[in-house]
Amino acid sequence: MTRRALISGITGQDGTYLAEHLIEEGYEVWGIVRGHDDTRAARLRHLVSDVRLIRGDLLDQTSLISAVDHVQPDEVYNLGAISFVPLSWQQSGITSEVTGLGVMRILEAIRIVSGISASRTAQLGSQIRFYQASSSEMFGKVRETPQNEQTPFHPRSPYGVAKSYGHYTTQNYRESYGMYAVSGILFNHESPRRGPEFVTRKVSLGVARIKLGHSETLRLGNLDAQRDWGYAGDYVRAMRQMLAQPVPSDFVVGTGTMSSVRTLVEHAFSHAGLDWRRHVVIDPSLVRPAEVDLLCADPKRARAQLGWEPVVSFEELVRMMVDADLAQLSSRSLPIGAPVAEDF
């Protein structure tokens, strides 16, 4: 029997890669969108044609119940969020509602449709399986490096706080109702489909513009921040593998290696044959109010239990993104990344 998956945030970077991956694995894939005439839905159709769409909104409990009831999915992936960290400082209220409370609403939708209650807990073999997209930003001001499944959280942004709420809510529904609900604590994962407001895509797009003579400078903030960067296409495989386990459990997913923003810049400019020091301008206004300086995954458990390994290296990822932006700008096509990081 064909398995059926329902994805919130399907128009974002991860949503498109996950939809492609699940279709390749033989799934029937449905995506939650706020409107069928949404420009993002059109972009999704361009990337992944075999997706069915249904109306829903992480701010609206009734719409989520209706979507889950109509689709009757085997698996639900909640990738919906306001996911651009700097934006979460400007829109902390809506970030909390979507990125935090939205998780509770979709879990409630699954619980209600499944007929689960405090007196009638779920049976693992037949229930809807739920994946929550947690984030390394929950670690924030880290207490140990690298970070694993037991590392305490100390989020440093409204986004990180909201993701922590969603993570603990997923844990709570698993423990209270016996639901198959897991969180993937994914470290930074990028691609040519990343929105242009994210630093990796900002750099690759900036390099392409400078190389093609459309610009002279690229303005950046903290070049010393270090992240564990991987390729989004690799990370969606881990999402599906988590839901294939006999017992629900949370996993840290990352490469286990760190690179600074400065290293990202050096690789990107070098690949285009440019000297970054002649073009990059440091702009203090781009530094976060509470910076997260160091994030690095300890993915041993994911590798041992899921058999997951990243395929694309950091250097390959940077080259891939620069080449994609050079090709798009050369052909005068619009950037493939979402214009803003709101996929709910």
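## Helix α1

Helix α1 covers residues 13–24, and its 12 residues should span 16 Å at 1.5 Å a residue; the end C-alpha atoms lie 17 Å apart, which agrees. The expected span is 1.5 Å times one less than the number of residues. Helices (H or I, at least four residues) and strands (E, at least two) are DSSP runs, numbered from the N terminus. The model is predicted: local features need pLDDT of at least 70, side-chain atom pairs count only at pLDDT 80 or more, and totals for chains, interfaces and linings use all residues. Residues are numbered from 1 along each chain as its sequence is written, and side-chain values use heavy atoms, with hydrogens and water left out.

Nine of the 12 residues of α1 are buried, so the helix is mostly covered; buried means under 20% relative accessible area, exposed over 50%, and partly exposed in between (1.4 Å probe, protein chains only). The buried residues are Gln 13, Asp 14, Gly 15, Thr 16, Tyr 17, Leu 18, Ala 19, His 21 and Leu 22. Just after α1, Gly 26 adopts a positive phi of about 95 degrees.

## Nonpolar cores

A nonpolar core is a set of buried Ala, Val, Leu, Ile, Met, Phe, Trp, Tyr and Cys residues joined through side-chain atoms within 4.5 Å. The largest such core has 39 residues, of which Ile 7, Tyr 77, Tyr 131 and Met 242 touch the most other members. Helix α8 (residues 232–243) gives the most to this core, with seven residues. A second, separate core of 25 residues includes Leu 64, Val 71, Leu 87 and Leu 107.

Contact means heavy atoms within 4.5 Å. Leaving aside neighbours within four places in sequence, the contacts of Ile 7 include Gly 15, Leu 18, Ala 19 and Leu 22, and also Tyr 77.

## Aromatic rings and charges

The structure holds eight aromatic pairs. Rings of Phe, Tyr and Trp (its six-membered ring) pair if their centres lie within 6.5 Å; planes under 30 degrees apart count as stacked, over 60 as edge-to-face and the rest as tilted. One of the pairs, Phe 153 with Tyr 168, is tilted, at 5.6 Å centre to centre and 55 degrees between the planes. Phe 153 lies in the loop between β6 (129–135) and α6 (158–177) and Tyr 168 in helix α6, so the pair ties together parts that are 15 residues apart in sequence. Phe 153 is buried at 16% relative accessible area, whereas Tyr 168 is partly exposed at 46%.

A charge sits over a ring if NZ of Lys or CZ of Arg is within 6 Å of the ring centre and within 35 degrees of the ring normal. The charged end of Arg 129 sits over the ring of Tyr 180, 3.9 Å from its centre, and that of Arg 301 over the ring of Phe 251, 4.2 Å from its centre.

## A buried glutamate

Glu 108 belongs to helix α5 (residues 92–114). Glu 108 is buried, with a relative accessible area of 15%. Apart from neighbours within four places in sequence, Glu 108 is in contact with Gln 61 and Tyr 173.

## The chain as a whole

The protein chain has 11 helices and 15 strands. Buried residues make up 58% of its 344 residues.
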